[in-house]
Amino acid sequence: MIALASLTVLSPFIAAVVGMLLGLRLSRLLETRGVPGHRVLRNGPAVIAVVASALATLFALIVAVTLWLDPGPREGTLTLIPTGTLPIAVGLQVDGLAAVVGLMVCCVALAVQVYSIAYLAEDPRYSSYAAFVSLFTSAMLLVVFAGDLLLLYVGWEVMGVCSYFLIGHHWEDRANSRAAVKAFLVTRTGDVGFLFGIFVLGVGAGTFQIDEVLRRVGDLPDTTVLAATLLLLAGVAGKSAQFPLHTWLPDAMAGPTPISALIHAATMVAAGIYVVARLYPAFLAAPTALAVLGVMAAISMLGAALAALAQSDLKRVLAYSTISQLAYMAAGLAVGTRSGAVFHLLTHGAFKALLFLAAGCVIYVTGSNLLRDYGGLREAMPITFWSMTIGFAALVGLPPVSGFFSKDAIIEAALHAESGIPGPVATIVYLTLLVTVAVTAAYATRAWLMTFFGTARTAFTPREAPRLMSWPVGILAVPTAILGFFGLGASELRPHLGSAALSLLLAGAGGYGAYAVWRRDPALDPARVLGPVRTTFERGFHVDDVYDRVVVAPVRALARAVVGVDDRVIDRAVESSAGVTRAFGGLLRRPQNGNPQTYLTGLLAGMAVIVLAVVIFV
Amino acid sequence: MHILYPLVVAALLFSIGVYGVLARRNAILVLMSVELMLNSVNLNLVTFDVWLRDRLHGGQVLTLFTIVIAAAEIGLGLAIVLLVFRNRESIDVDRLRALAESDAEPPADSVVERQGPAGQGDQVAVSSRRAPQ
């Protein structure tokens, strides 16, 4: 079992190394041998990456099936690294949670690798792209299967750096590399807290092994657990793009669309939620941390949904929707339904990957990211249209697609919050969840109508995307549609009549509102009715501007001051010391004027002085 | 004869020599002043040889050596002065200041010419062209 899990982690890792070193050589080999098939299929790096992803998916499937037939956590330690105090165990741990999330990661990664072959067919740096996606997959699987907190942190950081490289994949455009740096810095800010949270938890419990830590949580002092969980929440907010560290995610859409689908929607951003779910007993022992998580989630959820309502870029709509949906999971964890949150993580992974890949098809066909350039794509792109319709339905939470079941589980749990968080916080979370359902329906309807209905607003050739792109989208539509029914097996995940009816009513109201505005004039953006607040929503409540004033400007000023000190104090000291030395040298050089008679005079005078001194003093 | 007379004469001679070396501008006069100093030392040697009644007459023997060496030295010195005069058309000691420190960088072209294989090759080529003349 552990061997299989290690193989799942290792196969994309090996593919990353091999693909980076030998990918282009394989391309040339396939080209010269004249292997039959379409030209884009003779892409060496892609072949290596797809084969490895398929292998990882197979292994993850075997792991999941084995665990389903014979439940119970397994763990194994490959090696123990002694550090002098607490040893670091390089070990994996497989339980139901890890197995299903691992399977979800592998499936999305495989779909994205296949999709990228067509989407980035002309890309000159395909080998590095595919290698980083493979490395990312491996790191994410390491986070999922890690049995040790520090091993988990290794995967966590490798994911972050892969995300940085992939956002900046088209670094020729300055905006992309800036977005990459922003994502890196913001997530790193949270990661500092995460690392210290791990230290506090690990040192407090006397071990870094996750199951051992969770077993000893009950014996730890309350303050230790509270400090550790609050510090961990900083990393979770950074990675899962929750307020106040969410600003990097909308900008991260500068990366290629498949990357947005894999990293910034389905998997990496879910890692924060996954870690909270994994360490859930520790969080349950600190209700204050859960209350903080709940407030954070409520702000992110509603704020991001409102921001999504006014975005003009399809990918940014989806990015804000990702923040909002991740906040749903965080809210689920805050109100005590771990299974509901993980369920929503899985369904969200499926439908958000689907939505992003379908958005990629739309962008591929129309050549634009902006909603106002689309329109009337329903007839020409049937696969994309139907898949995206299912995806949006899941996002809104319409029955019978998956999102309905998972959202309902969270909303129902919020009604009877059992995690020990204060009552007012639970009420706020519950009300925010309901309001967000309506806003979600409105922005999803707006994006759906503006993309597929009405008439085309710019000149492009309406056609279906290449089969390598439309098929992964179509295949992802299947789990998006049916994944919800797997929740029927567990009693706490079954839909509840009251909350389901309430949220459906709200979703219907939101969706109908957007539809009614759109119907008045299908050529215009329904967001126009927002009036003066539209700009505020579109700029994400000016959080970026506030950060510019509060963080970026002082840091820049400090940097300028440091440069000034370097120039004016340190450099000047060094330079003027040279000048002073030269001046003294010049004084000493004056006697050396090339006239030997002067030298001899000096010699004689010196001798006379010495003789006099000897005569007088000796 | 009292020893004081030759000693005073020797001291006077030496002082004149020192003055000449330090103050004269003509290189030949400087050389002559050096000779004066040497000869004052010779006078001292002879004086003390007699005054101490040295049976081996070491002082006088040493004086002979000094005279020989002075002759050789003045030969070399005059030859140098002659060469300096040929090069500079002047034997004014005050103006021979090539050894002074100066702020000016050494002329760059002379350095460049000696560096690198190309420069050497040029020089070789030049010399081989000149050889038959």
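Are A:Asp95 and A:Arg278 buried or exposed? Both residues are buried (under 20% relative accessible area; exposed is over 50% and partly exposed lies in between, with a 1.4 Å probe and protein chains only).

The views show a predicted model, in which local features need pLDDT of at least 70, side-chain atom pairs count only at pLDDT 80 or more, and totals for chains, interfaces and linings use all residues. Residues are numbered from 1 along each chain as its sequence is written, chains are lettered from A and ligands numbered from 1 in the order in which they are written, and side-chain values use heavy atoms, with hydrogens and water left out.

**View 1. Salt bridge between A:Asp95 and A:Arg278.** The closest N and O atoms of this pair are 3.1 Å apart (a salt bridge is a side-chain nitrogen of Lys or Arg within 4 Å of a carboxyl oxygen of Asp or Glu). The pair links distant parts of chain A, 183 residues apart: A:Asp95 is in the loop between strand E2 (88-94) and helix H3 (96-119), and A:Arg278 is in helix H11 (residues 268-278). Helices (H or I, at least four residues) and strands (E, at least two) are DSSP runs, numbered from the N terminus. Over all chains, the structure holds 16 salt bridges.

**View 2. Salt bridge between A:Asp251 and A:Arg316.** The N to O distance is 3.4 Å. A:Asp251 belongs to helix H9 (residues 248-251) of chain A and A:Arg316 to helix H14 (residues 314-334) of chain A, so the bridge ties together parts 65 residues apart in sequence. A:Asp251 is partly exposed, at 22% relative accessible area, and A:Arg316 is partly exposed at 22%. Salt bridges with shared partners join A:Lys182, A:Asp251, A:Arg316 and A:Asp544 into one network.

**View 3. Salt bridge between A:Arg74 and A:Asp70.** The two side chains meet at 3.5 Å, N to O. A:Arg74 is partly exposed, with a relative accessible area of 22%; for A:Asp70, also partly exposed, the value is 44%.

**View 4. Interface of chain B and chain A.** Here 16 residues of chain B are in contact with 10 residues of chain A (heavy atoms within 4.5 Å). The chains bury about 1,100 Å² between them, 48% of it on carbon and sulfur atoms; buried area is the accessible area (1.4 Å probe) that two parts lose on being put together, summed over both. Zero salt bridges are found across this interface. Helix H1 (residues 4-23) of chain B supplies the largest share of the side of chain B that touches chain A, five residues.
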